[in-house]
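My entries follow in the order I looked things up.

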Amino acid sequence: MAKGKSSAKGSAGAGDRHVYREFGPADPMARAVPDRPPNQQTVRVQVSRKGRGGKTVTVITGFQHSPATLTALAKQLKAQCGTGGTAREDTIEIQGDHAQKLVELLVAKGYQAKRSGG
């Protein structure tokens, strides 16, 4: 009976294993994101309320930047709009309806920005 318990525990614990890496990237299969200049990027600006409890958010998609560059750009845009927001993967979310202002700011920075949606 003790043998059955240890084998059941061993199979259940197999999914709980942790692997620690001391050197190298956290995800060795992750690819480097090319940090393209703004004039070679077309970004879309749209206003969305889906899945946010009725709150309006301006979503900018289509960036091809490294996470550090995207975070710095998000910080600049949030300061210009005077509101909060976040940078996720290849998108920036700014709280509130600032689509027109963000299109103007992005075009001034050299991006090919277009407004999409209503």
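**Strand 1 and strand 5.** I began with strand 1 (residues 42–48), which pairs with strand 5 in the parallel sense over 4 bridges. Two strands count as paired if DSSP finds at least two bridges between them. Strands (E, at least two residues) and helices (H or I, at least four) are DSSP runs, numbered from the N terminus. Across this pair, V43 stands opposite A113 in strand 5.

**Ground rules.** I kept in mind that the model is predicted, with local features needing pLDDT of at least 70 and side-chain atom pairs counting only at pLDDT 80 or more, while totals for chains, interfaces and linings use all residues. Residues are numbered from 1 along each chain as its sequence is written, and side-chain values use heavy atoms, leaving out hydrogens and water.

I traced 5 strands in an open, mixed sheet, in the order 3-4-2-1-5. Strand 3 (85–88) and strand 5 (112–115) are at the edges with a single partner strand each, so one side of each has no neighbour in the sheet. From one strand to the next, the twist averages 20°. Axes here are lines fitted to C-alpha atoms, for helices over the stretch in contact, and angles run from 0 to 180 degrees between N-to-C directions.

**S48.** Next I checked S48, which is in strand 1. Is S48 buried or exposed? S48 counts as buried because its relative accessibility is 15%; the cut-offs are under 20% for buried, over 50% for exposed and partly exposed in between (1.4 Å probe, protein chains only). Its side chain reaches the backbone nitrogen of K50 at 3.4 Å. Setting aside neighbours within four places in sequence, S48 is in contact (heavy atoms within 4.5 Å) with K55, T56, V57 and V59.

**Helix 2.** I then moved to helix 2 (residues 67–81), which lies across strand 2 (57–61), strand 3 and strand 4 (91–95), at about 20° to strand 4. Which residues of helix 2 are buried? I found L70, L73, A74, L77 and C81. They cover an arc of only 105° around the axis, so they sit on the same side of helix 2; the arc is that of the directions from the helix axis to the C-beta atoms. In general, an α-helix has 3.6 residues a turn, so residues three or four places apart point the same way. The cover over the buried residues of helix 2 includes strand 2, strand 3, strand 4 and helix 3 (99–108). A68, K75 and A79 are exposed on the other side of helix 2. Last, I noted that G82 follows helix 2 and has a positive phi, near 70°.

Terms used: Polar contact = N/O pair within 3.5 Å; in protein donor to acceptor, adjacent residues only side chain to side chain.
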